[in-house]
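Morning, everyone. Please have a look at the model on the screen, and then we'll walk through it.

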Amino acid sequence: METRPESPEPQGDPRWVAMLYRPAAKSWRAAAESPHRSPVLYALGEMTQTMRARGDEVTVALWGPKDGAWQLFDTPLKQAAAPQPTGPEAESPGEPTLLAERMTGRRHQVLMAGLSKAGLYDLTPEDDTTVQALVERLDEPAVRRVAQWLAVAGTR
């Protein structure tokens with residue numbers, strides 16, 4: 001059985017980075033990165049689904065910032081591979097599910113696309129905080145409506 005090396009720490013300032021292991025090259029590469037976790041998890045889910053559909057083996061590592069330094073986090077893929085508890089203790093209302101995280105990532109992408117269409121590319125940290133607050137408070141149809149307004153405003 002072939003063993004793979006542990007994922008190397010990404011270079012640069014800490015941010016969210018999904019590292020993908022390529023068995024043929026026996027190397028790791030950055031597959032997705034963002035200052036926010038949700039878009040990286042969304043991209044990770046899409047890549048994983050595509051690779052598994054092709055019959056490829058999927059090995060990923062999720063790196064992110066913690067206290068100003070790099071930290072290796074468990075990926076949703078590792079969590080999904082672990083046995084899941086069943087019964088009443090399985091439902092923990094305080095824990096976000098993989099679907100909830102992916103939907104949050106999707107809402108974030110929709111808002112960022114709307115802002116881009118409105119010509120707003122250079123966002124400040126305060127802007128990022130505001131976008132994240134909207135993502136957490138609005139449902140999918142409301143986010144789409146706001147993005148549509150932004151897109152229309154960008155064409156005027």
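I'll take the sheet, then the helices.

This is a predicted model, with local features needing pLDDT of at least 70, side-chain atom pairs counted only at pLDDT 80 or more, and totals for chains, interfaces and linings using all residues. Residues are numbered from 1 along each chain as its sequence is written, and side-chain values use heavy atoms, leaving out hydrogens and water.

Sheet. Four strands form an open sheet in the order E2-E1-E3-E4, with antiparallel pairing. Strands are DSSP runs of E, at least two residues; helices are runs of H or I, at least four. Pairing takes at least two DSSP bridges. The edges are E2 (27-34) and E4, each pairing on one side only. Twist averages 30° from one strand to the next.

Now E3 (residues 60-66) and E4 (residues 69-73). Five bridges join them. Leu62 has Phe73 as its bridge partner. Gly64 stands opposite Gln71. Two residues sit between the strands of this hairpin, and Asp67 takes a positive phi near 55°.

Helix H1 (residues 37-53) lies across E1 (16-22), E2 and E3, at about 130° to E2. Angles run from 0 to 180 degrees between N-to-C directions, with axes fitted to C-alpha atoms, for helices over the stretch in contact.

Last, H3 (residues 98-117) on H5 (residues 140-154). The angle is about 15°, with axes 7 Å apart. So H3 is roughly parallel to H5, a word for angles under 35 degrees. Which residues of H3 meet H5? Met103, Val110 and Leu111 are among them. Contact means heavy atoms within 4.5 Å.

How values were computed:
Angles under 35 degrees count as roughly parallel, over 145 as roughly antiparallel, 65 to 115 as roughly perpendicular and the rest as oblique.
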